[in-house]
Amino acid sequence: NPGKHGIYDFLEQDTESYQIRPTTYSKMSRPAIWDLFNEKKKDVGVINYPLVHPPDKVDPFFISGIPASDEDSIAYPDFIQDTLESTDYRVHPHASSDNPKEYFEELIDLTESQVDLTIKLAEEYDPELLWTVFMSTDWAQHYLWDKKIDNTNAVEKLYQKFDSYIGEIVGELADGCNVVVVSDHGARKIDGEIHLNSLLEKWGYIQRKETSKENNLSRIKKILLASMWKIGSNLPPSLKNLVKQKTPSNTLNDIRAAADIAQLNMHNSIDWANTTAFSYGYMGRVFLHTDNYPEGKISKESDFEKLRDELILKLEDLEHPKTNEKIIENVYQSESIYWGDNAALAPDLVIEPKGWRYMIYGDFGDGT
């Protein structure tokens, strides 16, 4: 429950400056499972864990996953890094999804390197909790959903391979070990995107500043960078190459900072004094611009519930522009789903799309 641990999205906002920035693991206000084990003097080995970089100081070892690059120091303690560098272990696939077969084979190769390392470290350290994260099923679902490899759906084929990988790991573990297979989210074909700030602007809740026109190339770069981060994006190779050519490599290495420059700079484009509701991030969230913000004028005591109810009705009535089908399943008031010491950080509304067929972004949909 994010109301307890405090992390709601890939992005967070400084409510004083309105600045939006990538969420970091340092914001976690509750202990992780490995902290609890180490506190009880139990050994924990973690491999390829996302969004925790630099690696946590866990006994006997911790290896970071995405968005750390393969060139980063991703292991604790340092001598584990030497082990990684002496093997074929890597965090990211070294092939492009533009070539599905090559990309699929790279996912297999990458996964096998992670399986080999898992078995090696399990044998060497025998931790009481061994936790490995495999990202390749996630990537296959994002980029190979409708692709076929040897006349078999790529996602189905990869899951079949994973059956054998899990069997291989289990076969190497000591008798009596408990094995748990966990997924952090599901997947399905996405039919479209909803850009919340575009809607809120159309409905009159957001006003943007009058700004001079950007250089066209700079504007295109921002749009493409935003698109590359969005789940399910499959840009043509020529456009991806344009982004790479025009963007400093150190920016590309920081995946979220590179991915949605538009959102990270959104605080500069909104006329906050004339804005009553807004969104940011990737999780379908709406915030009312209350008097808790420097320029907010919505009073929690008088205007808040009326405005929130009004937004709920508008969001629930959203229809697909071509089919007139309803596209929102539920709009939740935050207090109905979040509780804990960090509940005050929650959005005021959380939107669930119909059948999870739509991605909901907290942006304007135009890269600005």
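Good morning. I begin with a polar contact: a side-chain polar atom of Ser69 lies 3.1 Å from the backbone nitrogen of Glu71. A polar contact here is a pair of N or O atoms within 3.5 Å; within protein, one must be able to donate a hydrogen and the other to accept it, and residues adjacent in sequence count only if both atoms are side-chain atoms. This is a predicted model, in which local features need pLDDT of at least 70 and side-chain atom pairs count only at pLDDT 80 or more, while totals for chains, interfaces and linings use all residues. Residues are numbered from 1 along each chain as its sequence is written, and side-chain values use heavy atoms, with hydrogens and water left out.

Ser69 belongs to the loop between strand S4 (60–64) and strand S5 (75–76). Helices (H or I, at least four residues) and strands (E, at least two) are DSSP runs, numbered from the N terminus. With a relative accessible area of 9%, Ser69 is buried; buried means under 20% relative accessible area, exposed over 50%, and partly exposed in between, with a 1.4 Å probe and protein chains only.

I turn to the salt bridges. The whole structure contains 18 of them, each defined as a side-chain nitrogen of Lys or Arg within 4 Å of a carboxyl oxygen of Asp or Glu. One of them joins Asp9 and Arg285, at 3.3 Å from N to O. These two residues are 276 apart in the chain, with Asp9 in the loop between helix H1 (2–5) and strand S1 (11–13) and Arg285 in strand S11 (residues 285–288). Is this pair buried or exposed? Both Asp9 and Arg285 are buried.

A second salt bridge pairs Glu128 with Lys42, whose closest N and O atoms are 3.8 Å apart. It links positions 86 residues apart: Glu128 in the loop between helix H4 (100–125) and strand S6 (129–132), and Lys42 in the loop between helix H2 (33–39) and strand S3 (44–49). Lys42 is partly exposed, at a relative accessible area of 36%.

Arg357 and Asp191 form another, with closest N and O atoms 2.8 Å apart. Arg357 sits in the loop between strand S13 (349–353) and strand S14 (358–361) and Asp191 in the loop between helix H6 (154–172) and strand S9 (192–195), so this pair ties together parts 166 residues apart in sequence. Asp191 is partly exposed, at 39% relative accessibility.

Next, strand S13. Because 5 of its 5 residues are buried, S13 is largely enclosed by the rest of the structure. Leu349, Ile351 and Pro353 cover one side, and Val350 and Glu352 the other. Strand pairing requires that DSSP find at least two bridges between the strands. S11 and S13 run antiparallel and are joined by 2 bridges, with Arg285 opposite Val350. Strand S12 (residues 328–333) is also antiparallel to S13, through 5 bridges; there, Ile328 has Pro353 as its bridge partner.

Finally, the second largest pocket. Its space is about 560 Å³. A pocket is an open set of points on a 1 Å grid over the protein atoms alone, where a 1.4 Å probe fits, with protein on both sides within 12 Å along at least five of seven lines; lining residues have an atom within 4 Å of a point. Of its 32 lining residues, the closest to the centre are Thr15, Phe287, Ala344, Leu345 and Ala346. S1, S11 and helix H14 (304–316) each give two or more residues to this lining.

How values were computed:
Grid points are joined across faces, edges and corners, and a volume is the space filled by probe spheres set on the points.
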